[in-house]
Amino acid sequence: MQGALVSGGYGRDCETRADAIGGSFAAPRRGRGAGGGVAFTLSLVAKVERKRTLSEDRLRTFLREMLLIRRFEEKVEERFRAGELPGFLHVAIGQEAVAVGVCQALDDGDVFASTHRAHGHTLARGTHPNAVMAELYGKLEGCSHGYGGSMHLYDVERGNLGANAVVGGGLPAITGAALAFKLRGEPRVALAFFGDGATNIGTFHESLNLAQLWNVPAVFVCENNHWAESTPAHQQLPIEDLTKRAVAYGMHTITVDGQDVEAVYRAAGRALKHARDGKGPVFLLANTYRLVGHYVGDPQVYRDKEELRETRETQDPIEKLREKLGVSDDEFEQADREVNELVEAAVEFAKNGTDPKPEDALKNVYA
């Protein structure tokens, strides 16, 4: 089926992933995970594909992965507005290329920490949409067994050490994980996602300082969307080039267009290799755009409406890759239908999931 929008790795086993490459979305093979949750097996095919050069088919897989994240987030925004999802919700519409490009470049033994905008990272790393959606609905079948919700997604099996509602909260843990890999002599890399606003936080500077001092295999990915919640970059950053903050610690830096998934994938590959080869940590600056508000329901009175409209028209990473690949309307619409079916199935899976019992609130409490 060369030239088609093949499906990406959603944590299926090899058999069901092979079915998906054929164009269908077979149900995932599931087993009971720790704590009574659902375990999804990481695709071995995905591992092999990550090590190949980027073919047109691979880029089409990236396009489908980004489309899945986009439709998933649009659906959870809809369900949140309908009052079905508890807590708060932050989507990353417009930043899909960073999630897919970076997470597809990771090796199976690598780990990462995310932010309060974590759906895309989690899906791009291979967690099944059913498990992510169930988590947003607070079900035991969720990837965090209902404990985390939107801002605290984790999936240790796939190296996801957790999203964090605290700005910059994942960086110290990633520095520590990278130190552990170095001390054990393991060829693994720890990676942290964070936004431009986090570069003003003390833990950012402490983490980069120690990572460079200890020469650990860490990659720090700054998703520079130019907004710290509602504060524009020029009001909270005294410099325009954020790589200078890493250069101050003597750290190797890479800058990439965060709307070009192929460029992100290649840049992330270079960064991961640099760290894995024992050459020290890397600061990867991905310049991207948040095409929506800081949170669902944000009126965005702080943004110029004409500028936002123009950005949406010119900086959509899905449209950029679609145009680059020359994907026809019919082909795109078919892929869109299949992705939407997958997302709708995830909603049904979540709604039919298991509600936690009141006494479950006391489990996994250590302090």
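This is a predicted model: local features need pLDDT of at least 70, side-chain atom pairs count only at pLDDT 80 or more; totals for chains, interfaces and linings use all residues.

Trainee: OK, how many salt bridges does the structure hold?

Mentor: The structure holds 27 salt bridges; a salt bridge here is a side-chain nitrogen of Lys or Arg within 4 Å of a carboxyl oxygen of Asp or Glu. Side chains of opposite charge can pair when their charged atoms come close.

Trainee: Which residue forms a salt bridge with Lys75?

Mentor: Glu344, with the closest N and O atoms 2.8 Å apart. Glu344 sits in helix 14 (residues 329-351) and Lys75 in helix 3 (residues 56-81), so this pair ties together parts that are 269 residues apart in sequence. Helices are DSSP runs of H or I with at least four residues, strands are runs of E with at least two, and both are numbered from the N terminus.

Trainee: And is Lys75 buried or exposed?

Mentor: Lys75 counts as buried at 14% relative accessibility, while Glu344 is partly exposed at 39%. Buried means under 20% relative accessible area, exposed means over 50%, and partly exposed is in between (1.4 Å probe, protein chains only).

Trainee: Which residues are linked with that pair in a network?

Mentor: The salt-bridge network links Lys75, Glu78, Arg79, Glu84, Glu344 and Lys351.

Trainee: What about Arg81, what does it form a salt bridge with?

Mentor: With Glu77, the closest N and O atoms being 3.2 Å apart. Both lie in helix 3, 4 residues apart, or about one turn of the helix. Arg81 is exposed, with a relative accessible area of 54%.

Trainee: Which side chain meets Arg184 in a salt bridge?

Mentor: That of Glu186, at 3.7 Å from N to O. Arg184 counts as exposed at 54% relative accessibility, and Glu186 is partly exposed at 27%.

Trainee: Switching to the inside. Which residues touch the most other members of the largest nonpolar core?

Mentor: Val102, Met133, Leu191, Val219 and Leu284, out of 70 residues in that core. Helix 3 supplies the largest share of this core, 10 residues. By nonpolar core I mean a set of buried Ala, Val, Leu, Ile, Met, Phe, Trp, Tyr and Cys residues joined through side-chain atoms within 4.5 Å.

Trainee: What is Val102 in contact with?

Mentor: Apart from neighbours within four places in sequence, Val102 is in contact with Leu191, Phe193, Val221, Val264, Ala268 and Leu284. Contact means heavy atoms within 4.5 Å. There is also a second, separate core of 24 residues, which includes Ala178, Ala192, Ala246 and Phe283.

Trainee: Why is helix 6 called largely enclosed?

Mentor: Because 8 of its 8 residues are buried, the rest of the structure largely encloses helix 6. Met133 is one of those buried residues, as are Asn130 and Glu135. Just after helix 6, Gly138 takes a positive phi of about 75 degrees.

Trainee: Where is His145, which has a positive phi too?

Mentor: His145 is in the loop between helix 6 and helix 7. His145 has a phi of about 55 degrees although it is not a glycine, and it is buried at 18% relative accessible area. Most residues other than glycine have a negative phi. Asn215, in the loop between helix 8 and strand 5 (218-224), has a positive phi near 55 degrees as well. Asn215 is partly exposed, at 31%.

Trainee: How many disulfides does a search of the whole structure find?

Mentor: The search finds 0 disulfides, a disulfide being a pair of cysteine sulfur atoms within 2.5 Å. Cys103 is buried at 1% relative accessible area, and Cys222 counts as buried at 0%.

Trainee: Last one, what is Ser207 in contact with?

Mentor: Leaving aside neighbours within four places in sequence, Ser207 is in contact with Leu171, Pro172, Thr175 and Phe220. Ser207 lies in helix 8 (residues 202-214) and is buried, with a relative accessible area of 3%.

How values were computed: Residues are numbered from 1 along each chain as its sequence is written. Side-chain values use heavy atoms; hydrogens and water are left out.
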